[in-house]
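Reader: I would like to learn how to read the packing of helices and strands in a model such as the one shown below. Could we begin with the terms and then turn to the case at hand?

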Amino acid sequence: MKRIEELVFNQCQQTPDRLALSDSINKLSYGQMWNRVCKAEQQLLEKGVEKGELVALSMPNNAAAVVSFLAILKAGGIVMLLHNELTEAEVDTYFSIQSPNWLWKTSSLTKIREEKTMLPLRQVNELSDLFLFGFTSGSTGRPKGFVKSHYSWSSSFQEWSDIFSLEQHDKVLVPLHISYSAQLYPVLHALCSGMHAIMLEAFTPSAVFNKEASCMSITPALVSPLLRYAQSRSKEKRLLPKTVISVGNKLSPSVRKKFSQAFPNSFLYEYYGSSEMGFVTVLSPHTAETMPHTVGYPVDSVDVLILNERGKEVEKGDKGTLFVKTTQAFEGFVKDSEETDRSFFNGYVTSHDIAVQLQDGSITIVGRDKNVIKSSGSLVYAEEIEELLLQIPGVSEAAVFSVVDAERSEVVGAAIVLENISLSEVRQVLAKQVSAYKIPRVWSVLTSFPRMKNGKIDKATIYSYFTEKEGKTYDFI
């Protein structure tokens with residue numbers, strides 16, 4: 001098994017003088033970084049941290065946080081990453097899912113509990129084989145705790161380099177906090193591969209351009225600020241990283257078009273994946289030109305299987321639950337063996353997304369099995385309507401929900417952000433594309449979508465608008 005801190009150590013031995021990690025204050029070579037990791041590990045051991053213990057890490061998004069993360073791994077611990085700006089109530093919510101053995105803040109290490117944590121082990125045999133305790137985003141409800149092994153990430157590092165043509169001279173920018181695993185992964189990949197990881201303690205468009213990095217991973221929420229910043233600074237457009245990787249909500253074709261027009265020297269990728277499965281497909285800029293509605297093609301290391309509700313493989317072009325066989329699979333959900341078992345099938349793993357594999361092998365995500373709305377006796381997939389809305393010029397953001405209705409039990413509701421288009425025009429366009437029962441009956445028009453700290457759309461808050469009638473809400477009978 002390839003342990004992540006061992007891969008970093010190997011790189012430190014090969015290129016001790018190469019720049020490894022930097023933030024607004026520090027610039028550390030691989031050798032300097034590893035010395036700090038060893039000192040931090042020694043402090044952990046002196047305090048009594050043992051192999052297999054769970055250490056909650058809450059620090060700003062800087063070099064010290066990455067050093068601390070690696071020190072915990074070197075000590076044989078498992079890291080629970082927390083955003084340093086969480087409120088006490090938010091921390092209590094996470095700790096109610098699983099209390100850690102230790103809490104490590106910037107200037108303090110506190111023992112929380114003595115007992116070793118009972119965590120799911122499916123692919124590995126020991127707690128020390130685990131490295132990450134993460135949380136699902138909780139964008140539509142209460143988050144769940146999950147665990148990943150070292151191998152689930154280290155086994156995919158070379159493929160990540162190959163897919164995005166990354167080499168040792170690349171500078172990888174980390175614009176959001178590493179408590180979001182889509183930011184942590186590029187950091188660890190960079191340090192295991194001899195690259196330079198650049199940490200932003202707080203995202204600002206000017207910082208993104210000024211760092212002159214060659215690659216960064218972002219959420220769709222960061223695209224608009226970058227576009228606005230570049231409008232009056234044409235000379236700086238070329239300073240955007242050449243490779244930009246978007247993860248999370250799918251980008252609308254209109255946003256993609258704006259990006260390519262504003263940054264012709266950059267290549268915008270998207271990838272589809274999840275905490276349970278790792279990354280599954282990649283949508284390249286070339287594929288996006290002709291098939292923007294898809295999430296691209298499966299990466300070479302995964303085997304895709306789409307099953308119907310009876311557990312039988314469906315024909316290409318038919319809907320079903322997407323499963324993948326991959327080395328990136330998670331170990332399971334914490335204290336939820338039933339949900340863990342539901343996520344595995346004959347060596348395949350799923351995050352319960354409903355998908356279609358087209359004849360050419362590309363994948364379209366229709367929706368999640370928990371996001372199915374029963375409207376007028378028929379099934380509506382929320383993500384299907386979201387995708388159609390985002391394809392309408394002038395609709396910059398969209399979120400679709402099941403809304404409780406006294407007469408019909410539930411109806412389709414949609415929250416949207418509009419630019420130079422009216423709600424009436426949106427409804428007219430949608431009416432030409434889908435059956436009447438799929439058209440939302442309740443609409444909430446917002447000036448912007450609320451976001452969580454990781455940049456993802458906060459669907460739980462948006463959903464509350466339908467019941468609290470915040471913003472402009474319209475009911476159509």
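Author: Helices (H or I, at least four residues) and strands (E, at least two) are DSSP runs, numbered from the N terminus. Contact means heavy atoms within 4.5 Å, while axes are lines fitted to C-alpha atoms, for helices over the stretch in contact, with angles from 0 to 180 degrees between N-to-C directions. This is a predicted model, in which local features need pLDDT of at least 70 and side-chain atom pairs count only at pLDDT 80 or more, whereas totals for chains, interfaces and linings use all residues. Residues are numbered from 1 along each chain as its sequence is written, and side-chain values use heavy atoms, leaving out hydrogens and water.

Reader: Which strands does helix 2 lie across, and at what angle does it run to strand 2?

Author: Helix 2 (residues 30-47) lies across strand 1 (19-22) and strand 2, and its direction makes an angle of about 95 degrees with strand 2. Helix 3 lies across strand 1, strand 2 and strand 10 (196-199), running at about 115 degrees to strand 1.

Reader: How should I read the order of the strands in the sheet?

Author: Strands of a sheet pair through backbone hydrogen bonds, either parallel or antiparallel. Two strands count as paired if DSSP finds at least two bridges between them. Here nine strands form an open sheet in the order 2-1-10-9-11-12-13-14-15, with mixed pairing. Its edge strands, strand 2 (27-29) and strand 15 (297-298), each pair on one side only. Strand 14 (residues 278-283) runs antiparallel to strand 15 and is joined to it by two bridges, with threonine 281 having proline 298 of strand 15 as its bridge partner.

Reader: How many residues of helix 3 are buried?

Author: Buried means under 20% relative accessible area, exposed over 50%, and partly exposed in between (1.4 Å probe, protein chains only). Helix 3 is mostly covered, with 10 of its 12 residues buried, including Phe69, Leu70 and Ile72. Beyond the helix comes glycine 76, whose phi is positive, near 85 degrees.
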